Amino acid sequence: MRTIDASIITETVKKLCIQANCFLSSDIKNCITNAYNQEPWPQAKEILGHIIENYQIAEQKNLPVCQDTGVACVFLKIGQDVHIKGDVTEAVNQGVRQGYAEGFLRKSVVADPLNRKNTGDNTPAMIYFELVSGDKIEITVAPKGFGSENMSQIAMLRPSDGLKGVKEFVKKTVLEAGPNPCPPIVVGVGIGGTFDKAAYLAKKALLRPAYESNQNPFYAGLEKDLLNEINALGIGPQGFGGKTTALAVNIEYFPTHIAGLPVAVNINCHVTRHKTEVI
């Protein structure tokens, strides 16, 4: 049994909040660069060039890549041989509190969804726990802006809708989103489980590197097909038309009930931010 003080979680979350907001991951940067190099439409190419310039300035000046520094989604994979000394939830929220203050990141969380009073420190975080083997903790901070989050959808399809129904729903969600989620986008898709499990899978799918396909060949093929079909919609960078509407489609799946086919689509903008550290 290994003991980890909760203060280490706080320090790690604080650091990851700042890093995730200011430094776009290499897989996303590579996707954007490839899209720029392959884009034949002049206006779309110009927009992609501005996107590249923006994340380069953010890196150089240690500034947020986007003004919407998001709600802090924190994924914890906790080894079952770890004993945490202290309150884990409070440790995470304290890390978010400190990170958003020290990084001069916008505080976007309201304490009540209807009364709308800002909490002033971007807490509480959205925390997802997963118990795994081992004596370590893997922490991923994924700030989620709501220009894209608001465009996400979930559907409880019928089993008879099948593969065709899933593809139609994913494409319909992207088409209805149009320019609102600041394309080019990354599309996270969750298939199976229950209503809430599908939504979790869709968000978790956004953490996977853009060039990493699903390990199941069937779903890897579906990811490729959907990416091609979504890009054929012609929405393009920032909705002005072009070859690249999506940078990647990532699918996660889970067993489900004989009577159901839950499907969730969690859209992220090109600023698909996440940073991970193991302690």
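Thr245 sits in the loop that runs between helix H8 (217-231) and strand S8 (246-256); helices (H or I, at least four residues) and strands (E, at least two) are DSSP runs, numbered from the N terminus. The model is a predicted one, so local features need pLDDT of at least 70 and side-chain atom pairs count only at pLDDT 80 or more, while totals for chains, interfaces and linings use all residues. Residues are numbered from 1 along each chain as its sequence is written, and side-chain values use heavy atoms, with hydrogens and water left out.

Leaving aside neighbours within four places in sequence, Thr245 is in contact with Val174, Pro183, Pro184, Ile185, Ile230, Asn231, Gly234, Ile235 and Gly236, where contact means heavy atoms within 4.5 Å. For one of these, Gly236, the backbone nitrogen is reached by the Thr245 side chain at 2.9 Å.

Asp121 is another loop residue, placed between helix H4 (88-102) and strand S4 (126-132). Asp121 is buried as well, at a relative accessible area of 16%. Not counting residues up to four places away in sequence, Asp121 touches Val96, Arg97, Tyr100 and Lys107. With Arg97 there is a side chain to side chain polar contact at 2.7 Å; a polar contact is a pair of N or O atoms within 3.5 Å, and within protein one must be able to donate a hydrogen and the other to accept it, with residues adjacent in sequence counting only if both atoms are side-chain atoms. The Asp121 side chain also makes a polar contact with that of Thr123, at 2.6 Å. Val132 is eleven residues from Asp121 in sequence, yet their C-alpha atoms are 30 Å apart.

The structure has one cavity of 30 Å³ or more, a cavity being a set of points on a 1 Å grid over the protein atoms alone where a 1.4 Å probe fits but cannot get out. The volume of the largest cavity is about 70 Å³, taken as the space filled by probe spheres set on the points, which are joined across faces, edges and corners. Its lining (residues with an atom within 4 Å of a point) includes Cys73, Phe75, Lys203 and His274. Strands S2 (71-79) and S5 (137-144) each supply at least two lining residues, and S5 gives the largest share, three.

Terms used: 1 Å grid on protein atoms, 1.4 Å probe; cavity = no way out; pocket = protein on both sides within 12 Å on 5 of 7 lines; lining within 4 Å. Buried < 20%, exposed > 50% of the residue type's maximum accessible area, 1.4 Å probe, protein only.
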